[in-house]
Amino acid sequence: MIGIRQKLMLGFGGLLAVLAVVGAMTMTRLDALGQALSLALTENYRSVAACQEMKNALAQMNDGLFLLLNGEEAVGAAQISAQESRFARALAVELGNITLPGEGEKAAQLKTLFAHYEQHMGQLTKAGQSNEARLLLWLKEIRPLAQDIRAVAQDILLLNQANMEGTDSAARRLATTASHRLLAAVLIAALIALLYAWLVQRWILRPISQMTELAHDIRQGRLDLVLEEGGGDELGRLAEAFNAMTAALRQTRKDERLTLLRSRQATEEVFRALPDAVAVFDLAGSVEVATETSERHFGLRPGVRAEDLRCDWLPPLLRQALAEQRTVERDPLLGCVQQFIGGREYFFQPTAAPIPLNPKQGEPTGIALILKDVTLAHEQQELKRSAAATVSHQLRTPLTSLRMAVHLLLEEQAGPLTAQQADLLASARDESERLTGILDGLIDISRMEAGKLPLHLQPAAPRLLAEEACAAFAAEAKDRGLTLRNEVSDELPDVLADAVKIGQVFANLLTNAFRFTGAGGEVRIRAAADEQQAKVVFLVEDSGAGIPSETLGHLFEQFCRAPGQDERSGAGLGLAIVKEIVQAHGGEVGAASELGQGAALRFSLRIVEREGRNETGGRPSGIQMGALENIWRVPTSVSDGIPSN
């Protein structure tokens with residue numbers, strides 16, 4: 001049995017032989033054609049050039065004769081002598097290049113005529129002759145000889161040109177013959193190539209095409225096709241291997257389907273038995289699998305679409321997780337999801353996480369929704385708020401009476417006081433005032449957390465808000481030996497704010513900055529526009545001792561006090577109040593600091609929406625968010641750590 005290698009060698013060998021024959025024929029014919037052309041262009045062209053040279057020399061000698069007759073004997077004689085030498089050289093070339101029949105006789109005749117011409121020209125150029133004698137000699141002897149010489153040279157030239165044309169015709173005939181033979185050889189080669197192509201189609205391409213179709217079928221999951229195994233060549237053996245491979249794939253797919261079915265059933269049973277509310281969505285937003293808890297409490301049954309459920313928060317959360325390719329939670333400002341189950345109120349914190357195909361590939365195959373039960377934490381928080389509010393209100397009345405009694409005693413309404421008694425009562429007054437401030441702060445926070453904080457939002461210029469804050473603390477800054485600077489630009493867009501409440505925010509931030517900054521230090525207020533979030537970010541910086549890193553994460557929590565504070569400085573509610581007020585305005589808070597490098601506390605307010613304003617809102621911003629990197633460079637180590645808005 002002939003194999004594929006032998007078949008390919010047979011076909012390519014035939015084509016190679018045809019190409020060799022065609023090449024040899026072409027080279028032979030081209031060589032003959034080149035020799036014929038070389039002969040015509042070398043020998044005949046030399047005679048043509050010589051005859052043309054003699055004719056030109058003869059014309060120049062006639063011009064010299066006219067100069068001689070015009071009285072320029074020296075010039076004319078020199079020209080005639082030079083042209084005679086030129087003619088003689090050309091005649092010698094012709095006499096040495098006799099190649100055609102009759103060309104020798106013509107050349108000999110030309111030599112004889114030129115000898116007579118030279119003789120008469122010698123007589124003409126002798127000195128002492130008159131012009132009349134020279135003219136008569138030219139008319140009777142020289143001119144007829146010149147005409148005969150020109151005629152004979154022209155005959156020789158035409159004879160060689162005719163031979164060149166004949167040679168050209170012969171070369172053309174030779175080229176035509178070579179073209180015909182080459183065309184015949186090409187046709188034969190084409191027939192052999194067509195025959196070989198048909199054989200290749202039958203021997204090789206058809207089986208390969210069948211294997212290609214089988215490979216496409218395998219890729220699409222059709223494994224029931226079988227190739228013909230006829231022939232004992234390499235393709236036949238390859239067909240046998242393909243059939244064995246498809247049989248193995250069919251068995252493997254069957255086993256994998258059984259294994260996958262068992263795993264899926266087991267996974268679904270385990271998944272449904274989970275106590276938490278968990279569901280898996282496909283990319284189209286339909287539930288694929290869910291726990292019994294999520295089905296019972298939220299209606300997340302397999303096949304249900306997220307848009308069809310009465311959960312307005314669910315579709316945006318799934319879209320956000322899919323778009324950002326990360327785990328996302330519902331915005332804390334929007335609160336937890338409230339659900340009544342069995343007549344009791346429950347709270348859940350929803351979290352959505354994309355499910356990638358594998359840890360190395362980012363393309364998700366679905367989205368997991370986890371509804372964390374935060375009812376206990378919510379109830380504890382509400383209990384804490386209620387207890388704090390109740391205790392604050394209950395303590396406020398007796399504390400007011402106590403403060404009044406202390407003030408009356410200090411005013412000596414009940415009688416004169418000794419110096420020691422006055423000092424003790426002054427301390428009691430200060431502590432009662434401090435306790436009153438703590439209770440007021442607790443009450444304010446309780447109101448804010450309960451959503452009972454009334455806000456009178458109006459457009460306000462950031463520069464004016466900062467100026468009012470600086471004006472209120474200018475005297476205290478001077479007393480403490482501090483430099484207070486307002487570096488907020490006039491070009492920033494207006495923000496939507498309750499001026500009184502934002503004044504309290506600035507007051508708490510400046511109080512905090514003064515507390516940690518010693519005499520000779522500096523406190524600055526700066527701001528910049530955030531174009532992307534349509535907000536203005538305010539920054540209160542100080543050059544004080546800084547805040548430890550372990551405290552920064554809890555800085556805006558209730559009762560958080562940085563280490564090193566005076567016990568009488570406060571209860572740690574000021575920044576918590578700042579956070580509540582700013583969040584009620586729709587903004588955010590943040591902080592950055594490094595020990596010994598000062599601190600930077602920031603908050604953001606929304607830009608006023610106005611028709612015709614630019615993308616950032618309000619007036620064109622002279623300081624954009626991109627400039628915050630430079631704004632936060634003081635102090636360098638502090639501002640580099642400020643979280644982005």
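## Around Thr327

Leaving aside neighbours within four places in sequence, Thr327 is in contact with Thr351, Ala352, Ala353 and Pro354. Keep in mind as you browse that this is a predicted model. For Ala352, the C-alpha to C-alpha distance from Thr327 is 5.7 Å, although 25 residues separate the two in sequence.

Where does Thr327 sit? Its place is the loop between helix H7 (314-324) and strand S3 (328-329). Thr327 counts as partly exposed because its relative accessibility is 46%, and that class lies between the 20% and 50% cut-offs.

## A stacked pair and its cluster

Now to the rings: the structure holds eight aromatic pairs. One of them joins Phe87 and Phe114, with ring centres 4.1 Å apart and planes at 20°, so this pair is stacked; the cut-off for stacking is under 30 degrees. The pair links distant parts of the chain, since Phe87 belongs to helix H2 (residues 73-95) and Phe114 to helix H3 (residues 103-124), 27 residues apart.

Together with Tyr117, Phe87 and Phe114 make up one aromatic cluster.

## An edge-to-face pair

Phe298 and Phe348 also form an aromatic pair, this one edge-to-face, with 80° between the planes and 5.1 Å from centre to centre. Here too, distant parts of the chain are linked: Phe298 lies in helix H6 (residues 292-298) and Phe348 in strand S5 (residues 344-358), 50 residues apart. Phe298 and Phe348 are both buried.

Technical notes: Residues numbered from 1 in each chain as written. Predicted model: local features only at pLDDT ≥ 70, side-chain atom pairs only at ≥ 80, totals over all residues. Heavy atoms only, no water. Phe/Tyr/Trp six-rings, centres within 6.5 Å; stacked < 30°, edge-to-face > 60°. Helix = DSSP H or I, 4+ residues; strand = E, 2+ residues; numbered from the N terminus. Buried < 20%, exposed > 50% of the residue type's maximum accessible area, 1.4 Å probe, protein only. Contact = heavy atoms within 4.5 Å.
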